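User: I'd like to learn how to read helices and sheets in a model like this one. Could you walk me through it?

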Amino acid sequence: MTEASRYSPRDAMPQARRPSIGVRVGNVLVGGGAPVVVQSMTNTDTEDPASTAKQIAELARAGSELVRITVNTPAAAAAVPRIAERLQMMGVQVPIIGDFHYNGHQLLQGEPACAEALAKYRINPGNVGFGKKKDTQFASIIEFALKYDKPVRIGANWGSLDQSMVAALMDENSKRSDPWDASHVAREALIRSALDSAARAEEIGLPRDRIILSCKVSGVQELIAVYRDIATRGDYALHLGLTEAGMGSKGITASAAALAVLMQEGIGDTIRISLTPEPGQSRTNEVIVAQELLQTMGLRAFTPLVTACPGCGRTTSEFFQELAKTVQAHVRGKMPEWRVKYDGVENLTLAVMGCIVNGPGESRHANIGISLPGNGEAPSAPVFIDGEKAMTLRGDNIAEEFVGILDNYVETHYVQR
């Protein structure tokens, strides 16, 4: 089987991306036809520069292209320049986004070095200010963005809607001949909050190519409905994320279900998977999930992925599972080096299969595949390279030998940068 005949997820690409204005965030372009950008957020106390810089570096090295941090107190704002200095000393260039709620106007005014060090400001129109203060405090943050030439994400959230806007829309709705249901009114309030705030920012002087919008909710169908709607009402770059997605498989499943539908329709310029970490689990898991979502959809490639057999009554042991785990861990461990050294290695495909039923076929579809013996099969494991059987492994060192074959393939098949 030739290279050209093997299946790739790029053979069934999503729809063309929705046209959007490109926004430069530090050295990263969001929208404007650029690839979908992965971002994440720290959960450290920003007042602690050492722990926050350490986690930002971990997230960036895992592949997060933008990292957001909480800026909620004068001490946290004062820590931002020190965090930036630590990252520079560590050789980490990832743009840092400041997440402001309630008092962003005061913090940016009180700590101009913070305003300068951040690559972008995120503000929530639902809590940027209340009553008569809302317009002036919103305008103040936009003016800081203009002064320091920073983009802004206007991030509306289902959990912090401007209640005066909701009340006004409810009044409007009551006069309709065919009133919307309550959820439709809430969605409209969310969208209007973002769009009206963006329009106000432009009136103040912030260019459209410095504005990113988001409208986050925690329900899959609601998120899809909101973004389908807002995508038809402007060309702003859009940030996608299911807010408070949850923990473990629930959070991953819900986020993937919502974001995959939208990205398949060409909606979304940057994404975050808002996972609640398991106790003791690394924060980087949300980055890996975002990367794997984009890669399995054929939108981007970050690291070689392993196709692996789930196991059934035909498989004789857990060895193929252990091998798949070993290979995936080996690849992730080597990618920081490979990414710098070899052009295109992220597109490498691997397969670890457990019996003769699908093993040889799946292995032939991958660049490198191994079909391990199942129940009643001969104790041998054929290895396929680019669709052709290349060798057969036997004995107790199959894992080490297969990893060696993988390393040799990378060294001999990818051009060094």
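Predicted model: local features only at pLDDT ≥ 70, side-chain atom pairs only at ≥ 80, totals over all residues.

User: Which residues of α8 are buried?

Analyst: They are L223, I224, V226, Y227, I230 and A231. Viewed down the axis of α8, these buried residues fall within an arc of 165 degrees, so they line one face of the helix. The general idea is that an α-helix has 3.6 residues a turn, so residues three or four places apart point the same way.

User: What do the buried residues of α8 pack against?

Analyst: Their partners are α7 (182-204), β8 (211-216), β9 (237-240) and α9 (248-264). Strands β8 and β9 run parallel and are joined by two bridges; I212 has A237 in β9 as its bridge partner. Both strands belong to a barrel of eight, closed in the order β3-β4-β5-β6-β7-β8-β9-β11 with parallel pairing.

User: In what order do the strands of the open sheet run?

Analyst: The order of its five strands is β13-β14-β15-β16-β17, with mixed pairing. β13 (305-308) and β17 (388-393) stand at the edges with a single partner strand each, so one side of each has no neighbour in the sheet. From one strand to the next, the twist averages 20 degrees. Inside the sheet, three bridges join the antiparallel strands β15 and β16, and I368 stands opposite I385 in β16.

User: Which helix lies across β14, β15, β16 and β17?

Analyst: That is α13 (residues 398-413), running at about 165 degrees to β15.

Technical notes:
Residues numbered from 1 in each chain as written. Heavy atoms only, no water. Buried < 20%, exposed > 50% of the residue type's maximum accessible area, 1.4 Å probe, protein only. Helix = DSSP H or I, 4+ residues; strand = E, 2+ residues; numbered from the N terminus. Arc of directions from axis to C-beta. Contact = heavy atoms within 4.5 Å. Pairing = 2+ DSSP bridges. Axes fitted to C-alpha atoms, helices over the stretch in contact; angles between N-to-C directions.
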